[in-house]
Amino acid sequence: MRSMIYSDLAALQADLEANFQNFPLVTKPTDLIPGEGNAKAVVMLIGEAPGYHESVARRPFVGRSGQLLRKTLVESGLTEAEVYISNIIKVRPPDNRDPSPEEIMAFKPYLDAEIKLIKPKLIVTLGRFSMAKFLPEVKVSQVHGRLHKIKWQEQTLYILPMYHPAAALRATRVKISFVEDFKKIQKIINFIETASETDDFRATVEDALL
Ligand code: URA
């Protein structure tokens, strides 16, 4: 699949909208919900797919899950202006069903291009679909809140898998983990900024964060 290179996020969004007929589920350009936030964000959060409220507002994470996400973010010491929020697919699936593999593939070049433009220090995956993009072999319940360092398209990326806020709204136990995991983000950013390339990642991350 060809990889796409854009000068900025506005160019990426313009290209998505100009090619809206090529995407599953999209019947008009305004069905596409762009990512939002700081184009030079240190932290990029990637969710699953827009829901009803997101498709009306044309903004990611503004419904109930979004309110929990944004509140937890601010309570953990980050500001909304410091982060960038996006989704694996940029259109609302009918009845909020899971995105299909074909839908995920259709939007992949755009999400990849978004990541390359923003160059975040840390990617927080929200739920299993966005985690599977980087860590296909694991379960969220096993690895949430644990920092991973991976090679992705010839770059080093730091990935912090988290539960999806919708799962946190469904179960108190998950909500507690979701909030606790968020509290680690500042410490993780400091760790990433000071970690040396020659350090043994597993040994140092455990020393620094656990
Ligand atoms: N859930 C998501 O995964 N993304 C949104 O934008 C809203 C809810």
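Axes are lines fitted to C-alpha atoms, for helices over the stretch in contact, and angles run from 0 to 180 degrees between N-to-C directions. Helices are DSSP runs (H or I, at least four residues), numbered from the N terminus. The model is predicted: local features need pLDDT of at least 70, side-chain atom pairs count only at pLDDT 80 or more, and totals for chains, interfaces and linings use all residues. Residues are numbered from 1 along each chain as its sequence is written.

**Helix 9 and helix 10**
- The axes of helix 9 (residues 185-194) and helix 10 (residues 201-209) cross at roughly 140° and come within 10 Å.
- Helix 9 is therefore oblique to helix 10 (angles under 35 degrees count as roughly parallel, over 145 as roughly antiparallel, 65 to 115 as roughly perpendicular and the rest as oblique).
- K187, I188 and F191 of helix 9 meet V205, A208 and L209 of helix 10, where contact requires C-beta atoms, placed from the backbone, within 7 Å.
- Five residues of this contact are nonpolar, none is polar and one is charged (Ala, Val, Leu, Ile, Met, Phe, Trp, Tyr, Cys and Pro count as nonpolar, Asp, Glu, Lys and Arg as charged, and the others, Gly among them, as polar).

**Helix 1 and helix 4**
- Helix 1 (residues 9-18) packs with helix 4 (residues 101-118) at an angle of about 170°, the axes being 10 Å apart.
- The two helices, helix 1 and helix 4, are therefore roughly antiparallel to each other.
- L9, L12 and L16 in helix 1 meet Y110, A113, E114 and L117 in helix 4.

**Ligand shell**
- The shell around the ligand has four nonpolar, six polar and two charged residues.

Methods: Contact = placed C-beta atoms within 7 Å.
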